[in-house]
Amino acid sequence: MAPPAIAVTGMGCISAAGATLAAYEQTVTGTPPSCAPVPKWLFDTAFSFPVFMAPPDPLGPRARQILAANVLGLTEETVHRTVLLALEAAVQALAQAGLQPEDIRDKRVGFSLGTTVGCGFNAESYYAAWRQGKRPDLAPVLAYYHANISTTVQALLGLQGPVAVVTNACASGTDAIGLAKGWLETDRCDLVLAGGADGMSRITCNGFASLLLADAQPCRPYDVSRKGLNLGEGAGILCLEKEQDARRRNAPLCGYVRGYGAGSDAYHPTAPHPQGVGMVIALNKALATAAKTIQDISFINGHGTGTAANDLAETTALATVFGRQQVPLISTKPLTGHTLGAAGGLEAVFTLAALRQGRVKGSVRCLDIDPALPYKPLPEHAEAELAGAVGISQSLAFGGGNGCLILEAVHA
Amino acid sequence: MREVSVLASALVADIDFSGAPHLLRGLRRADPFIQLATLAAYRVLEESAIMDQCQPAEVGIYLGTTTGPLQTNFDFLDTLFDDGEGQASPTLFSHAVHNAAAGYVSRLFKLQGMAQTITLNGWPFLAALLEAKAALASGALSHAVVLGVEESCPLLDEAAGRLAGVQPRLPQRGAVAWLLAGGDQAGPLLGEIVVDEVYSGEEHLLLRHQETFSATLDLPLLPPGPLAPCFSVTHALQAIAAGSGQGSWQAEAPFGRARCTFGPKKQ
């Protein structure tokens with residue numbers, strides 16, 4: 001028996017490109033957001049590279065109400081910023097799906113969310129004191145256990161069902177959506193909130209600086225002058241249901257998760273395989289599970305970080321799979337920065353949004369396409385009508401992980 | 001859906017590469033978390049000798065952990081504090097991400113299927129096992145190496161001791177690996193896996209003193225901690241595999257329950 005179709009009934013997102021999906025769609029057609037050094041209100045740092053920040057106060061009215069009413073005793077001050085970003089995106093996704101948390105308390109509601117920063121121990125001052133032999137108050141250690149975004153957001157919303165936090169570095173959000181698709185296909189739950197979230201962290205900023213992967217200028221994916229990535233923060237979450245369940249309750253249909261594939265480079269701890277072998281495996285598996293061919297694909301939202309190695313490996317993989325067929329390829333990271341574990345979630349939302357619009361604008365600041373890239377992206381001043389409703393959102397990660405989603409839009 | 005069998009299992013409590021010195025060159029920058037994962041994976045792959053029969057893209061890696069390589073995260077912070085911003089260690093940063101171990105296992109054993117790392121407070125190894133089983137049952141993969149890896153962290157050990165009002169708990173680190181195969185293979189069949197994890201008070205997660213294990217046969221008593229369920233369910237599997245091949249294991253705690261059933265054994 002064929003697995004059930006997995007429908008997207010809601011989408012939530014928050015990033016530098018906008019605090020909601022509507023705000024993001026305005027950003028795409030308007031002025032790109034600016035990036036700047038990490039603001040003082042977040043943390044003090046000598047890291048001077050520009051970053052893309054979500055709004056300082058990430059919670060909208062409904063999410064704030066939920067946090068204020070929570071029975072867990074958590075507050076904005078005691079909850080990690082990654083959890084707040086995830087909560088906001090989850091609430092947005094549920095709202096678009098026409099659901100309030102109280103409507104689905106009797107359902108099995110899974111949470112499959114990806115993160116990197118959210119699972120780390122970020123209380124630097126505690127560790128600084130502890131390593132000097134002091135024994136500070138344990139509150140930061142206890143708060144560390146509340147930073148598990150899936151269990152904590154699920155509990156804040158008063159919901160029950162399977163949980164997973166996918167920690168596959170920069171592919172976490174994409175892989176979390178793939179995992180959620182499997183949960184619904186095997187009837188482990190009725191509905192899943194799936195995607196990713198990551199807040200800005202001083203540890204991550206310094207980590208990417210140490211690897212010489214951060215650009216001192218705004219990032220320029222696929223451009224010949226690209227020098228690296230800009231970090232960002234945010235959350236992107238899809239509300240997923242079996243299509244038959246969504247239709248039964250007359251839910252709005254945004255689209256479908258048609259396919260998912262993953263593959264490993266087996267090559268290097270941080271660098272992608274130059275031929276993108278893991279990405280080729282992921283693309284082919286995703287197409288196979290979606291029962292689609294490359295002729296069905298009308299748009300590719302690339303990983304496009306702006307590092308020399310990523311963009312080359314990614315476009316090499318695309319050229320291997322697509323051959324001479326060229327469909328529009330863009331990166332949305334010039335609008336959000338690289339949001340790490342959130343990237344796959346945000347970019348799945350953005351991919352469906354573009355497919356629903358039926359047209360796409362080129363990658364911001366990609367003015368002079370790198371001639372060494374075997375697959376040519378859409379440059380900044382170009383626009384393309386999309387030939388169909390099916391597209392790809394893909395992610396590459398440290399550790400050689402690669403994930404690919406095949407998404408299909410239902411036109412608005 | 002296909003049946004899923006357990007071809008091999010391994011428990012690793014010490015980092016000892018005397019049986020596999022050829023792996024050391026590829027591990028010269030690896031932290032203990034990665035070394036534990038590699039040793040456990042090596043033991044099941046070596047025991048089963050399956051790699052000659054497998055397509056690399058059809059072999060997946062599923063790793064579950066509660067805190068990942070947290071000590072490496074602190075080692076990175078040491079370089080940040082001691083050497084200053086801009087001087088932090090790139091090697092420690094890249095090894096502090098939770099999926100670094102899966103990346104090493106993929107590279108050292110040339111496994112190119114899905115590499116999935118799951119971080120959960122309660123039973124991440126069981127969650128990884130559940131995902132691997134689903135992938136194999138659907139035919140998405142032919143084999144999967146499923147790992148449970150925990151690294152001791154003095155900061156958490158001290159905090160647990162302080163919270164419980166006793167001496168810091170003894171450091172515990174280790175790993176388990178199960179090699180799973182889809183289709184008609186020898187070995188105990190993997191039956192139902194249930195992981196019901198719920199939000200819980202942080203003291204339950206840090207101390208884990210109210211977590212209990214039971215099985216259809218006797219289990220060794222294990223000190224509480226995130227490694228205990230990994231070792232306990234693997235002890236249960238190995239005892240069941242040595243016998244009838246049928247049985248079950250379960251865990252109960254304030255943060256939920258987990259259960260795994262086996263059998264019957266295929267010849």
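I count two residues as in contact if their C-beta atoms, placed from the backbone, lie within 7 Å. The model I am reading is predicted.

**Entry 1: Arg173(B)**

I started with Arg173(B). I found Arg173(B) in the loop between helix 6 (154-164) and strand 5 (174-182) of chain B. Leaving out residues up to four places away in sequence, I listed what Arg173(B) touches: Pro32(B), Leu36(B), Glu150(B), Glu151(B) and Ser152(B). Is Arg173(B) buried or exposed? I get 20 C-beta neighbours inside 10 Å, so Arg173(B) counts as buried; the cut-off is 20 or more.

**Entry 2: helices 1 and 13 of chain A**

Next I looked at helix 1 (residues 21-29) and helix 13 (residues 343-357) of chain A. Their axes come within 11 Å and cross at roughly 65°. I therefore log helix 1 and helix 13 of chain A as roughly perpendicular to each other. Their crossing is right-handed. Helix 1 of chain A makes the contact with Leu21(A), Tyr24(A) and Glu25(A), and helix 13 of chain A with Val349(A), Phe350(A) and Ala353(A). By class I note five nonpolar, no polar and one charged residues in this contact.

**Entry 3: chain A against chain B**

Last, I turned to the contact between the chains. I find 54 residues from chain A and 49 residues from chain B in it. Several elements of chain A each supply at least two residues to the side that touches chain B, including helix 4 (124-130), strand 4 (163-166) and helix 10 (277-290). Helix 8 of chain A gives the most, with five residues. By class, I log this side of chain A as 29 nonpolar, 22 polar and three charged residues.

Note on methods
Residues are numbered from 1 along each chain as its sequence is written. Chains are lettered from A and ligands numbered from 1 in the order in which they are written. This is a predicted model: local features need pLDDT of at least 70, side-chain atom pairs count only at pLDDT 80 or more; totals for chains, interfaces and linings use all residues. Axes are lines fitted to C-alpha atoms, for helices over the stretch in contact, and angles run from 0 to 180 degrees between N-to-C directions. Helices (H or I, at least four residues) and strands (E, at least two) are DSSP runs, numbered from the N terminus. Angles under 35 degrees count as roughly parallel, over 145 as roughly antiparallel, 65 to 115 as roughly perpendicular and the rest as oblique. A crossing is left-handed if the near helix is turned anticlockwise from the far one by less than a right angle, and right-handed if clockwise. Ala, Val, Leu, Ile, Met, Phe, Trp, Tyr, Cys and Pro count as nonpolar, Asp, Glu, Lys and Arg as charged, and the others, Gly among them, as polar. A residue is buried if 20 or more other C-beta atoms lie within 10 Å of its own, exposed if 12 or fewer, and partly exposed in between; C-beta atoms are placed from the backbone.
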